[in-house]
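Student: I've got a model open and I'd like to talk it through. Can we go residue by residue, then zoom out?

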Amino acid sequence: MLKIFTTQLMGKFKVIQDQHEMVIEDISRLFAQTITGGGTVYFYGEHELQGAALEAVYGSEKLPSSAILHDPATLTENDCVILFSRFNNDKLAAEHAEKFKAAGAQVVGISATKKETDPLLEQRVHFHINTGLTTGLVPNDDGERLGYPSLLTSLYIYHALYLTTREILEEHGYEF
């Protein structure tokens, strides 16, 4: 099972890289503009994806001018928010995105795009990255799929954004 899980997980990472390379670069430019323009890059995670927000703000590789979003009333037009959610049809996440946008912030959504559902989150954000993780990665003998690493795919996306943003900032003389 572990070998299947690892192979499938690496496949998800590769699909994210291949399908979202340009949007990762666009979001990283937004982050760099926010950081150099005196704004804050806020992180917000729904449920278990709070772990991605915590890693982004308190981990060893964190962006400057970043924080956990506790109060949307503090948002300004100089800020941006990256919102992690399990699925793109998450009504609560979509409502949060609307509040963040209403405050003037740029909003990035990270979630799995479920086919044949209303893409509530995708419709309410400026940028969206699909984790591609709609089910578990490993089938068991009963046909059930186990191993749903939503936090791992979200962390992969965060680190892709971090590395790209850092590269952009360093190219422009920003020192870490």
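Student: Leaving aside its neighbours within four places in sequence, which residues is S111 in contact with?
Tutor: First, a caution: this is a predicted model, in which local features need pLDDT of at least 70 and side-chain atom pairs count only at pLDDT 80 or more, while totals for chains, interfaces and linings use all residues. Residues are numbered from 1 along each chain as its sequence is written, and side-chain values use heavy atoms, with hydrogens and water left out. Contact means heavy atoms within 4.5 Å. By that rule, S111 touches S85, R86, F87, N88, L121, H128, I129, N130 and T131.

Student: Is S111 buried or exposed?
Tutor: S111 is in strand β4; helices (H or I, at least four residues) and strands (E, at least two) are DSSP runs, numbered from the N terminus. The cut-offs go by relative accessible area: under 20% is buried, over 50% exposed and in between partly exposed (1.4 Å probe, protein chains only). S111 has 0% relative accessibility, so S111 counts as buried.

Student: Which side chain makes a polar contact with the side chain of S111?
Tutor: A polar contact is a pair of N or O atoms within 3.5 Å; within protein, one must be able to donate a hydrogen and the other to accept it, and residues adjacent in sequence count only if both atoms are side-chain atoms. At 2.7 Å, the partner of the S111 side chain is that of H128.

Student: Which residues touch the most other members of the largest nonpolar core?
Tutor: A nonpolar core is a set of buried Ala, Val, Leu, Ile, Met, Phe, Trp, Tyr and Cys residues joined through side-chain atoms within 4.5 Å. The largest one has 31 residues, with α1, β1, α2, β3, β4 and α4 each supplying at least two. Apart from it lies another core of twelve residues, V81 and L83 among them. In the largest core, the members touching the most others are F31, F43, I82, F84 and I129.

Student: How many bridges join β1 and β3?
Tutor: Two strands pair if DSSP finds at least two bridges between them. β1 pairs with β2 in the parallel sense over three bridges, and V41 stands opposite S66 there. With β3, where G45 faces F84, β1 again pairs in the parallel sense, and the number of bridges is five.

Student: Is R29 buried or exposed, or partly exposed?
Tutor: R29 lies in helix α1, and its side chain makes a polar contact of 2.7 Å with the side chain of D26. Its relative accessible area is 35%, so R29 is partly exposed.

Student: What phi does H47 have?
Tutor: H47 lies in the loop between β1 and α2 and is exposed, with a relative accessible area of 51%. S65, in the loop between α2 and β2, also isn't a glycine, and its phi is positive, near 55 degrees. H47 isn't a glycine either, and its phi is positive, about 50 degrees.

Student: How far apart are the end C-alpha atoms of α4?
Tutor: The expected span of a helix is 1.5 Å times one less than its number of residues. α4 has 22 residues, so it should span 32 Å. The C-alpha separation of its ends agrees, at 32 Å.
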